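Please read this short report alongside the sequence and the model.

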Amino acid sequence: MKRSDTATALFKDGHDCSQSLLAAFDDITGIDRDTSLKLGSAFAGGMGKTGGTCGAVTGSIMVIGLRSGSADPKDKNAKEKTSSLVREFMERFKSLNKSTTCRELIGHDVQLLGSLPPEVRKDVHKQCAKCVRNAVEILEEIL
């Protein structure tokens with residue numbers, strides 16, 4: 001199964017965007033699936049459902065850090081490589097989706113989604129699934 005299909009399936013099964021993204025890369029990050037899902041849960045809905053940075057974006061940034069970052073504060077090369085990959089990811093994601101902010105991507109207040117009509121929630125879910133797929137595809141290209 002392609003990684004983008006794995007992430008999308010996790011999202012459709014009820015996991016949040018950030019969880020789905022991080023868990024789809026568990027073979028690269030070295031983090032087991034349960035830990036990935038727990039860690040990713042805090043970033044859902046734009047960081048704790050505040051509508052901030054999209055969870056697919058924050059999940060992607062975690063993957064980049066786990067893949068190219070360093071625990072050594074003196075490793076300037078790793079710091080620059082990681083920052084460069086994050087910038088590239090952000091630019092490409094924004095180019096495809098016009099924003100990296102959850103509330104702008106879905107066009108609604110995340111905390112009010114439950115009160116919206118079912119057809120609107122369905123459209124939001126489709127937009128989020130698209131963002132998850134886009135994020136995975138970008139990551140696969142740049143990593």
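## Around His-108

Residues up to four places away in sequence set aside, His-108 touches Arg-103, Leu-113, Leu-116, Val-120 and Val-124, where contact means heavy atoms within 4.5 Å. This is a predicted model, in which local features need pLDDT of at least 70 and side-chain atom pairs count only at pLDDT 80 or more, while totals for chains, interfaces and linings use all residues. Residues are numbered from 1 along each chain as its sequence is written, and side-chain values use heavy atoms, with hydrogens and water left out.

His-108 sits in the loop between H7 and H8. Helices (H or I, at least four residues) are DSSP runs numbered from the N terminus, as strands (E, at least two) would be. The relative accessible area of His-108 is 27%, so this residue is partly exposed. Buried means under 20% relative accessible area, exposed means over 50%, and partly exposed is in between (1.4 Å probe, protein chains only). From His-108 to Arg-121 there are 13 residues in sequence and 9.7 Å in space, C-alpha to C-alpha.

## Other residues at the surface

Arg-67 belongs to helix H5. Apart from neighbours within four places in sequence, Arg-67 is in contact with Ile-28 and Leu-143. Arg-67 and Thr-29 are 38 residues apart in sequence, and their C-alpha atoms are 6.0 Å apart in space.

Two lysines have a positive phi. For Lys-49 the angle is about 60°, although this residue is not a glycine; Lys-49 lies in the loop between H4 and H5. For Lys-98 the angle is about 70°, and Lys-98 is not a glycine either; its place is the loop between H6 and H7.

| Residue | Relative accessibility | Class |
|---|---|---|
| Arg-67 | 44% | partly exposed |
| Lys-49 | 45% | partly exposed |
| Lys-98 | 65% | exposed |

## The core

A nonpolar core is a set of buried Ala, Val, Leu, Ile, Met, Phe, Trp, Tyr and Cys residues joined through side-chain atoms within 4.5 Å. The largest one here has 33 residues, and Phe-89, Phe-93 and Leu-139 touch the most other members. At least two residues of this core come from each of helix H1 (3–12), helix H2 (17–24), helix H5 (55–68), helix H6 (76–97), helix H7 (102–106) and helix H8 (118–142). H8 gives the most, with 10 residues.

Phe-93 has contacts beyond its neighbours within four places in sequence, including Cys-54, Val-57, Lys-98, Leu-105, Cys-131 and Ile-138.

Two packed helices are described by the angle between their axes and the distance between the axes. Axes are lines fitted to C-alpha atoms, for helices over the stretch in contact, and angles run from 0 to 180 degrees between N-to-C directions.

The axes of H1 and H8 cross at roughly 150° and come within 9 Å. On the H1 side the contact residues include Ala-7, Thr-8 and Phe-11, and on the H8 side they include Cys-128, Ala-129 and Val-132.

H1 also packs against H2, at an angle of about 145° and with the axes 8 Å apart. This contact is made by Arg-3, Thr-6, Ala-7, Leu-10 and Phe-11 of H1 and by Cys-17, Ser-20, Ala-23 and Ala-24 of H2.

How many residues of H2 are buried? Eight of its eight residues are, and H2 is mostly covered. What covers these buried residues includes H1, helix H3 (26–29), helix H4 (33–41), H5 and H8.

## The cysteines

A disulfide is a covalent bond between the sulfur atoms of two cysteines. The rule used here asks for a pair of cysteine sulfur atoms within 2.5 Å. By this rule there are zero disulfides.

Cys-54 counts as buried because its relative accessibility is 5%. Cys-131 is buried as well, with a relative accessible area of 3%.
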